[in-house]
Amino acid sequence: NYIGTAGIPNKRGVEVRAFAVHYRQPAPANTPALATFGDRLRLLSAQADPQVTARDEIYHPPSGWVHVRLQWQRVGAADLTGLRVRVRVTDSLGRVWGERLERASEVWRFYPPERWQAGEAVRDAYDVNMNPVTPRGRYRVEVQVLDNSGQALPVQAEGMPADRYVVAGVEVH
């Protein structure tokens, strides 16, 4: 899970990122959830890069990336089998300009929600691959939790749509 960035400029444009090794930890006491997904999962924290470029010629041509960090907790003994996360970058009309790249190393793949223990918080990170022709402007990073059939679980969070949680706005340059 991403915890910081230290840019090291040189002729090749190398960037060093640090990642936390521990993805399981005790849930913070008395911390209200940002959102609850289908009375099955609580979203405890959510962060996303505030600025990105849609096109990248150095690190991952041709696309830029939005890095998203989330922390989850299970709700009681709810059935969590087969749940999956959808992370997207959308515009004000709901058009998708970036989609999460699925990776084998994601926490939800090797430690799926049905194995999570009561009272623990689970951190995960996602990389949203931007469409390299995304126009400059303001977009939003959205998270959904999908069930086995691909339907989004309902979201309970003040000021949010019924089927997604808006993590943050992102400025595309």
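Is Glu171 buried, partly exposed or exposed? At 27% relative accessibility, Glu171 counts as partly exposed, where buried means under 20% relative accessible area, exposed over 50%, and partly exposed in between (1.4 Å probe, protein chains only). The model is predicted, so local features need pLDDT of at least 70 and side-chain atom pairs count only at pLDDT 80 or more, while totals for chains, interfaces and linings use all residues. Residues are numbered from 1 along each chain as its sequence is written, and side-chain values use heavy atoms, with hydrogens and water left out.

Glu171 has a charged partner. Its side chain meets that of Arg138 in a salt bridge, 3.8 Å from N to O; the term stands for a side-chain nitrogen of Lys or Arg within 4 Å of a carboxyl oxygen of Asp or Glu. Arg138 lies in strand β11 (residues 137-146) and Glu171 in strand β13 (residues 165-172), so the pair ties together parts that are 33 residues apart in sequence. Helices (H or I, at least four residues) and strands (E, at least two) are DSSP runs, numbered from the N terminus. Arg138 counts as exposed, at 53% relative accessibility.

Side chains of opposite charge can pair when their charged atoms come close. The whole structure holds 10 salt bridges. One of them joins Arg140 and Glu142, with the closest N and O atoms 2.6 Å apart. Here Arg140 is partly exposed at 27% relative accessibility, whereas Glu142 is buried at 4%. Both belong to a network of salt bridges that also takes in Asp163 and Arg164. Elsewhere, Arg109 and Glu102 meet through their side chains in a salt bridge of 2.7 Å, N to O, and Arg109 is partly exposed, with a relative accessible area of 46%.

The aromatic residues come next. There are 4 aromatic pairs, counted when rings of Phe, Tyr and Trp (its six-membered ring) have centres within 6.5 Å; planes under 30 degrees apart count as stacked, over 60 as edge-to-face and the rest as tilted. Trp97 and Tyr139 make an edge-to-face pair, 6.3 Å centre to centre with 65° between the planes. This pair links distant parts of the chain, since Trp97 is in strand β9 (residues 96-100) and Tyr139 in strand β11, 42 residues apart. Both partners are buried: Trp97 has a relative accessible area of 18% and Tyr139 is at 8% relative accessibility. Another edge-to-face pair is formed by Trp108 and Trp116, at 5.5 Å centre to centre and 85° between the planes. Trp108 and Trp116 are buried as well, and together with Phe37 and Trp72 they form one aromatic cluster. A further ring, that of Trp65, has the charged end of Arg103 over it, 5.6 Å from the ring centre; this is called when NZ of Lys or CZ of Arg is within 6 Å of the ring centre and within 35 degrees of the ring normal.

In soluble globular proteins, nonpolar side chains tend to be buried together. The largest nonpolar core in this model has 37 residues, and those with the most contacts inside it include Phe37, Trp72 and Trp108. Such a core is a set of buried Ala, Val, Leu, Ile, Met, Phe, Trp, Tyr and Cys residues joined through side-chain atoms within 4.5 Å. Among the elements that give two or more residues to this core are β4 (35-37), β7 (65-74), α1 (107-110), β11 and β13. Not counting residues up to four places away in sequence, Trp108 touches residues including Leu41, Trp72, Val85, Trp116, Tyr126 and Val145, contact meaning heavy atoms within 4.5 Å.

Two other sites complete the walk. Asp49 is placed in the loop between β5 and β6 (51-52) and counts as buried, at 11% relative accessibility. A polar atom of the Asp49 side chain lies 3.1 Å from the backbone nitrogen of His67. The side chains of Asp49 and Arg69 are joined by a polar contact of 3.5 Å, that is, a pair of N or O atoms within 3.5 Å in which, within protein, one must be able to donate a hydrogen and the other to accept it, and residues adjacent in sequence count only if both atoms are side-chain atoms.

Arg24 is found in strand β3 (residues 24-26) and is partly exposed at 40% relative accessibility.
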